[in-house]
Each structure stands twice: as structure tokens, then as C-alpha cells.
Amino acid sequence: MPNRTSAPPIKDAIDFTINLKPCTRYSLSNGAPVYYVNDGAEEVAMVEFVFSAGNNFENKTGVASTANYLIKNGTGKRNAFDITEYFEYYGAFLSRECYNETATITLHCLSRHLKELLPVIRELITESIFPQSELEIFQRNSIQRLSVNLLKCDFVANRLIDEYLYGANHPYGRITNKVDIEALTREELSAFFQQYYLKAKCSIFSAGKLPANFEQLLETHFGDLSLNKNISTVMPKREFASQKKYRINNDEKGVQGAIRLGRPFPNRHHPDFQKVIVLNTLFGGYFGSRLMANIREDKGYTYGIHSFLQNHIQDSSWVISTEAGKDVCEATIEEVYKEMRLLIEEPVDTEELLLVKNYMMGINLGYIDGPFHVISRWKSLILNDLDENYFNESIKTIKTISAKELQELSEKYLQSEDFFELVVI
């Protein structure tokens, strides 16, 4: 019998052992790689097709994202309404997303309906026709949405800081404007579709309580397609902005400014990356961070401020993001630099470091809770050409990193002169 008169002992999260559940790996007969986690208590499934068809592969701004969006809006057999109605009939959800390097088509559904839904996904990636009427609707809606967003200082700031950090011609810094949307043509979308979907480089990720014949279903519907083409592109070099400090007046009546501070940073393969993830969490990566404690809780300049390492496969950047009253924007920036100096000059104390470590271990426990989270973590590793050793090393880094190492990293990467400053009001 447990002793109910005394509380159980409290165990720090860093004392837990965290392992990433393995995923099953195999290839279709056409060579396309498949990764899946067959687990879970509920009869639900997720299947995601990841194509090398992101913005980096387009020759004209907006073509990749538009082709990805409109791939669901008409085939030779069904119009956009028919496609949407079909998935809704089975209680399924089909989403599309376009990123810098990749574009995805993701299906969430009841496991027993995969046999009815996978054939329609095959239809989308082999027979999409990009109707002119759907393109025109997309253009009108996109232009309207853009015109509204351009009035928002945070939207403008997010666009400009990427341009300053990478360059206007770099896929990570390229901005879509009204003229780009108006210039899109059905012929360009079809050509992109032919090159990057019909003859594709595609990886398939799946999770959930999968049917016994899951592998055969994928083979039947996708095994004969060209999904393992050798597609590559050369990422252009960064072209940094000519100056470090920018102040943009976007709305004369605005009372709030969007602040972005950013510096270039290596990708996940750099030996400092995992250690800097810990430093970033301490600095501005969670609600109890230094930046939140100072600028939100103490000064009251903002409702929230956070820092993050951008989730890019190639180049990356370290960014601090917040919105504050326009009369305190400059003071906010000074407080950010003050926190940088403190991390450089003073080692973090043991109690604060333990808090950050426990928080990060708890977050990682959540990241591997359930099959959908597990396959998402595997997808991140695989697309970045990493393996489970990287995950294990990240856990080890959280547990063992010292205050001295964090101070050394701060001196290396948190020098204020290395950061681009942007305020949009």
C-alpha cells in the first residue's frame, strides 16, 4: 500500500531517459522512400507526401506555392468542389503547404478510409490541370489578403528581416508582391507541376494505427509513378543588406511597432547548433526566458517577446521578434542588448539553468508523445540528412551543457554589432 500521508518524491525531468521510437523504413518499387510509425490507440492515420518542389526550385516568384495550393483545385476528372466534397464525405482533411525547399500534401483520415482516399491523392499528383478560373480566384484572394497584411507592421517586418538576412534574390529572402501574383499563368503552373510533381523527388511519411495492407496500398497507388528523380538545385549565396539598422514608417496612424533583430547562423550540422538551442531557450525561447522576464514582466513594453533559430535546411538565422508601443521600441532594443551583455559577462546560475533544462526535457517528452509527433520528429531529422544519433546527442546536450559553455557561446554569437535591426511602425 502506498503511503498517502506523504507526497511522492519529485524527480527532475533531466533524470528521465528519452528515446525516439524507431520508424519503419522501406522503398516503393520505384525507389521512393517511405517512413512510418504504426502505433496508436485510435483508428486514425496521417500520410504526408514531401516533394522537392519548394520556392527554391521556381524560376518565377510565386509559382511553387501557387502550384502547390491549386493542386487540389481540379483534375481531368473532378473540379475543386468535387474534390473537397469527396474528402469531406469520408471525414478526411487534406492540406497543402509550400516551404523553401519542400512542398507537402498531407492527408488525415480514419485508417479504414485510406483505400478510398489514396487513389484520389494519386489523381491530384498526376492529373491536376490548374483551371484558369481557379487561378483567377486564387489571384484575387491573394492580392486582397496581401493588401490587408501589408497594413500590419508585423507582417511587413517578417518579410523585410528575411530580405535583409538573405538577400532579395535568395529563396529565403524573396518577397511576393502584387505584380508577381498578377503575372502568374496557368502554363507556368503546369510546367512546374510536370517537372516537380509528375517527375518528382518525393518522400512519404505516415503514422497512426495503419491497416495491415498499408505497404501494399502505397505500392498499388504510387509504386509505378516517377517519385525518385534526382532533383537538385544550387542555393545562391547570401547577399546581406547594405546596412544594419532600418526604421520603416508603414502606418502613419500606427501606435505599435514590430521589432526584429536577426543575425546569420549556421544550420543544424554545425557543432554549436544544439548547444545554442539551449542558450536560445534561456535567452528568449520560452515564457520564463530572460527577454520575457525583463521586457514583458519588468518593463511592460510588450505582451510577448521570443527568439528562435529559423527552421531552414540550408542557411539559418537567429531572430528576436516582438511588437511594442512605438514610443518604447528603441528602449526595447536596448533592453535586448542589455540581456545579451549579461549573458556574456555573467554565467547563468545553477537554479536557472536547471529550470531551463527541465523545461526543454519536458518539451522533448511532448515531442515524442504519440505516433504523429514521433514521425514529425523523424521527418525533421531525415529531411535535414540527420539520424537518431542527432536526437540522442541533443538530449545529452540538454542534460550536460554547463554555464561556462553557455557564456562562451554568448560571447561568440550574442554580439550586438552582428545583428540587423528593424523597426516597422
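Start by selecting Phe-283, Trp-318, Ile-320, Val-336 and Ile-375: these have the most contacts inside the largest nonpolar core, which has 61 residues. The model on screen is a predicted one. In soluble globular proteins, nonpolar side chains tend to be buried together.

Keep Phe-283 selected and show what surrounds it. Neighbours within four places in sequence aside, Phe-283 is in contact with Ser-289, Arg-290, Leu-291, Ser-307, Trp-318, Ile-320, Val-336, Glu-339, Met-340, Leu-343 and Leu-414. Another core lies apart from the largest one; it has 52 residues, including Ala-64, Leu-135, Tyr-197 and Phe-222.

**Aromatic rings**

Next, display the rings of Phe, Tyr and Trp. The count of aromatic pairs comes to 21. Select Tyr-89 and Tyr-90, whose rings form an edge-to-face pair, 5.0 Å from centre to centre with 90° between the planes. Which of the two is buried and which is exposed? Tyr-89 is exposed, with a relative accessible area of 67%, while Tyr-90 counts as buried at 17%.

Move on to Phe-130 and Phe-193. They too form an aromatic pair that is edge-to-face, with 5.4 Å between centres and 75° between planes. This pair links distant parts of the chain, 63 residues apart: Phe-130 is in the loop between helix H3 (114-127) and helix H4 (132-149), and Phe-193 is in helix H7 (residues 186-198). Phe-130 is buried, with a relative accessible area of 0%. Phe-193 also counts as buried, at 2%.

Phe-283, from the opening selection, is one of the residues with the most contacts inside the largest core.

**Charges over rings**

Two places show a charged side chain over a ring. Select Arg-78 with Tyr-86: Arg-78 lies over the face of Tyr-86, at 4.9 Å from the ring centre. Then select Lys-244 with Phe-420, where the charged end of Lys-244 sits over the ring, 5.2 Å from its centre.

Go to Ser-142, which lies in helix H4. Ser-142 is buried, with a relative accessible area of 9%. What lies 2.8 Å from a polar atom of the Ser-142 side chain? It is the backbone oxygen of Phe-138.

Then select helix H5, residues 153-166. Its 14 residues reach 20 Å from the first C-alpha to the last, close to the 20 Å expected at 1.5 Å a residue. H5 is mostly covered, with 10 of its 14 residues buried. The buried residues are Cys-153, Val-156, Ala-157, Arg-159, Leu-160, Ile-161, Asp-162, Tyr-164, Leu-165 and Tyr-166. To see what they pack against, show H4 along with strand E7 (245-248), strand E8 (256-265), strand E10 (316-325) and strand E11 (420-424). Just after H5 comes Gly-167, with a positive phi of about 110°.

Most residues other than glycine have a negative phi. Where in the chain is Phe-130 placed? Phe-130 is in the loop between H3 and H4, and it has a positive phi of about 50° although it is not a glycine.

Select Asp-385 as well. Asp-385 has a positive phi of about 60°, and it is not a glycine either. The place of Asp-385 is in the loop between helix H13 (371-383) and helix H14 (388-400). Is Asp-385 buried or exposed? Asp-385 is exposed, with a relative accessible area of 66%.

**Last stop: Ile-277**

Finish at Ile-277, in helix H9 (residues 273-285). Ile-277 counts as partly exposed, at 30% relative accessibility. Neighbours within four places in sequence aside, Ile-277 is in contact with Leu-309 and Met-360.

Notes
Residues are numbered from 1 along each chain as its sequence is written. This is a predicted model: local features need pLDDT of at least 70, side-chain atom pairs count only at pLDDT 80 or more; totals for chains, interfaces and linings use all residues. Side-chain values use heavy atoms; hydrogens and water are left out. A nonpolar core is a set of buried Ala, Val, Leu, Ile, Met, Phe, Trp, Tyr and Cys residues joined through side-chain atoms within 4.5 Å. Buried means under 20% relative accessible area, exposed over 50%, partly exposed in between (1.4 Å probe, protein chains only). Contact means heavy atoms within 4.5 Å. Rings of Phe, Tyr and Trp (its six-membered ring) pair if their centres lie within 6.5 Å; planes under 30 degrees apart count as stacked, over 60 as edge-to-face and the rest as tilted. Helices (H or I, at least four residues) and strands (E, at least two) are DSSP runs, numbered from the N terminus. A charge sits over a ring if NZ of Lys or CZ of Arg is within 6 Å of the ring centre and within 35 degrees of the ring normal. A polar contact is a pair of N or O atoms within 3.5 Å; within protein, one must be able to donate a hydrogen and the other to accept it, and residues adjacent in sequence count only if both atoms are side-chain atoms. The expected span of a helix is 1.5 Å times one less than its number of residues.
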